[in-house]
Amino acid sequence: MRKWTWAALAVVLLGACARQGGDGAAGADQAATADSDAVRPPTDPYPSIYEAYPSQTVLISGATVLTGTGERIDEGAVLLEDGKIAAVGAGDAIQAPEGATVIDGAGKWVTPGVIDIHSHLGDYPSPQTESTSDGNEIVSPNTAYVWAEHSVWPQDAGFTRALAGGVTSLLILPGSANLFGGRSVTLKNVPARTVQGMKFPGAPYGLKMACGENPKRVYGDRGGPDTRMGNFAGYRAAWIEAAAYKKKWDDYWKDYDEWAQGDGEDKDAPEAPTRDLKLETLAGVLSGDILVHMHCYRGDEMVLVLDLAEEFGYEVVAFHHATEAYKVADYLAENGVCAAVWADWWGFKLEAYDTVTENAALVHAQPNGCAVIHSDSAIGIQRLNQEAAKAMAAGRRIGVDIEPKDAIAWITANPAKAMGILDRTGTLEAGKMADVVVWNRNPFSVYAKAEKVYIDGALMYDRADPARSPRMDFEIGQPGNDFTGGAGQ
Amino acid sequence: MTANMQKKILAAGAAALFAISTAAAQQTTAIMNGAVHTVTNGVIENGDVIIEDGRIVQVGADLSPPAGATVVDATGKVVTPGIFAPISTIGIEEIGLDAEANDSSPERGAGFPLGAALDAVDAYRPMSTLIPVNRAGGVTRALSAPAPGDSIFAGRAAVIDLSGRPNSVTKARAAQIVVLNYSGAARAGDTRMGSWAFVRQYLDEARAYAANPDDYARRPRDDRFTLYDLEALGPVVAGNQPLMAYVYGESDLRNLIRLKNEYRLRVIAVGASEGWRAAASLAAANIPVIVDPLANLPAQFEDLRSTLENTARLHAAGVEIAFINPQEFGAHNLRLLTQQAGNAVAEGLPYDAAIAALTLNPARMFGLDAQFGSLEPGKIADVVIWDGDPLEVTTRPEAVFIDGVRQGLGNRQQMLMQRYRDLSRGDLPHAYRGGEN
């Protein structure tokens, strides 16, 4: 078992702790025990080995820039240097450093890299066969012990298609059959031989949970839950167990420190509790280290879940699908929870019957409202800009004041916030990762195409250059593939 | 309606049913000064469309509204024929995963014996909430088609209008649906050898039955196929009713071409994500294709060569195309067909071809192009006025006419939105607000 110290992870958790406000204090307390030799289960046993690819100094000048922070700069400029965003501002205010590649941005739009908060790429890859279907561990209502990263097939062609749609980071979630689906993983959309090579360095883990129809449909004749009340009983029982597990470890660490500080001569070191992967993840939620992503369609259920979270002392960062978020948008905003929604999908099940196309706009219109447009689809992820455009247009028609400069946050800054990576990416601000998309025109259009996609300053996709267009192993050598579209195929 | 027009309608075929409401007969509408996409005669900037008695009577520039006409100013707007969805489960599926609210297919594995005989008209519900939702997106006609159960034949599809009135069937038994992609193979011993043998066997039996129904019916039960299914396939083997085949891969498309020639069928290919690989052959065989222009993943082994360029390549080869909605068998978002078309344009399909694929081409596929699909005098007045480029995702219809009658654009989703726009507690609960029909 690999030893791990809080000091090393403190940096990693910073984003999550800062985002979760009061929970930061808990992290600080634990960091105080950094020098203890007590047994500590590894929190990062499959660490990211992602490394940015070589980047140039690039100045994109004369473009319409949407920063993701609510600002629009006409004839603006973005300077990328050393893999970071070095400057953002008016075109005439930013000079190209010596040796910089200058891109004429006339007519083009520049945005932060697109972030999808709800994807199953790699876990449900193409081709979709029995043998590749690795996204939903449908064996028990509580599979908090599974980690989505262990199913990610890095050769999923869906990643390359998403890249051509401007996606630079994405959250891969386990499926929604179970009350507790398992851990999510945040990836940078850079092809690698291993999932570790794609993992977003330092991104906090998430826990996928599910409301409503799916768990009861799947487990109704398999021992339950068979009802929504059964769902809640299942959540509560698990959190009670998790709290006891967490206390066992907290007590152990406390006892250990007391033992270590005493003379220690006359008794053995306290024995560490036995690890339980399921409870370890749930305890991580209660510690504020793991973020809860809750699949939930109905508004009334979302508000019940907010009370559930209050009851056990954790936070939900986002309700996913959330077709009825507009019915409870005030509760969501008051609790600082994002609603990750589609623009217009509906009716595939009864809990998705009450969709309105103004959903995102009505969530956005609340003070402190946080709307996210997600895909949950290997096709949808390729055009999140169009989905945001539809949702924006629907809101504008009923008089909600939203413009591209605001709505771009639905697919950039807001998902980054809910995923706990907003301090690193999600907006065009100096010092952040140079995750940037250059569009051939206003991206809020069906005709818009991502022309260039930079990830950490490296040009990972160029629509005009086949050499900057990844191909996955599965696709090469398949006879008859004479398309010319590159990664977007 | 003139006698001449009536003759024309009657000539269109006894199976076709055009129930123009009495309301339409009393309405005269002049849509003035829009960008009129006629589909058959180009775009008339600042054009006018005059509608009388449910039909288009004049299309041109600088027309005068007839006396008593309701004038609709379309200045700055775009006018097109109504969107014609070429395949869907509209009216037979309300909630996908709710068996009681989904009549679109027999349950898989339940051993329900009929396939080809199933008729969408029997399950069609004009009161479905999907109809006003999609109508508000500019969809005026659609094929309502069964989805397959255990049989590879799903049954008979009907063309309907989206007025929601009790009799909204435009053409019953407009097509027979068959699945001959992997999903069909999975229903026939899990091999394409099974599905293609099965379809041939059925067509042979249908021919035998059609040649002499009484003789065939006298065969012992275990020596004949279900008569209802064979009867339903009669118009297919006679070449009068199109066989709509779900087929994705190149090899299956080439099989389909052979089948068409061998049995002299009318065939429409649905899916065809590798269509570009057989484009010239499809064009030569005169097989129209209904494609998903967004299909670009190697989703299954059968269509690893899916590409965003498929639609444009098929069109360039001379294949008649229309668009499948993003949910394939579904119906909830037929309103997204315009987005499908816009994406096809962004990938190289000529704009006019995309408009035709949304309107005239589907009408032609079901033998209804004399009545629908373009803005021409004599055609039934299914017309949409858009607040901008109809293919753009930020555009919406401002007015929708079906049979010349201006339709309400209100729908359940809009009412829900209005009810919950204001979340304040108010004097009474939300259940007392909005939502009045």
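This is a predicted model: local features need pLDDT of at least 70, side-chain atom pairs count only at pLDDT 80 or more; totals for chains, interfaces and linings use all residues.
Residues are numbered from 1 along each chain as its sequence is written, chains are lettered from A and ligands numbered from 1 in the order in which they are written, and side-chain values use heavy atoms, with hydrogens and water left out.

**The disulfides**

Show the side chains of the pair already selected, and you will find that A:C338 and A:C370 form a disulfide with their sulfur atoms 2.1 Å apart, where a disulfide is a pair of cysteine sulfur atoms within 2.5 Å. A:C338 lies in strand 12 (residues 338-341) of chain A and A:C370 in the loop between helix 9 (359-365) and strand 13 (371-373) of chain A, so the pair ties together parts that are 32 residues apart in sequence. Helices (H or I, at least four residues) and strands (E, at least two) are DSSP runs, numbered from the N terminus. Looking along the link of A:C338 and A:C370, the angle about the S-S bond is 80 degrees, and the link is right-handed.

Next select A:C211 and A:C296, which form a disulfide with sulfur atoms 2.1 Å apart. Because A:C211 sits in the loop between strand 9 (206-210) and helix 4 (213-219) of chain A and A:C296 in strand 10 (residues 291-296) of chain A, this pair ties together parts that are 85 residues apart in sequence. The torsion about the S-S bond of A:C211 and A:C296 is about -85 degrees, so this disulfide is left-handed. Both A:C211 and A:C296 are buried.

**A helix pair in chain A**

Now select helix 5 (residues 228-261) and helix 7 (residues 299-312) of chain A, which pack at an angle of about 20 degrees with their axes 11 Å apart. That angle makes helix 5 of chain A roughly parallel to helix 7 of chain A, given that angles under 35 degrees count as roughly parallel, over 145 as roughly antiparallel, 65 to 115 as roughly perpendicular and the rest as oblique. The axes are lines fitted to C-alpha atoms, for helices over the stretch in contact, and angles run from 0 to 180 degrees between N-to-C directions.

To see the meeting residues, colour A:R228, A:F232, A:Y235, A:R236, A:W239 and A:I240 in helix 5 of chain A, and A:E301, A:L304, A:V305, A:L308, A:E311 and A:F312 in helix 7 of chain A; contact means heavy atoms within 4.5 Å.

**Backbone stops**

Move to A:S126 and A:P127, where the peptide bond is cis with omega near -5 degrees; A:P127 lies in the loop between strand 6 (114-119) and helix 3 (157-164) of chain A. A cis peptide bond also joins A:G224 and A:P225, with omega about 10 degrees, and A:P225 is placed in the loop between helix 4 and helix 5 of chain A.

Finish at A:D82, which has a positive phi of about 55 degrees although it is not a glycine, and which counts as exposed at 69% relative accessibility.

Technical notes: Buried means under 20% relative accessible area, exposed over 50%, partly exposed in between (1.4 Å probe, protein chains only).
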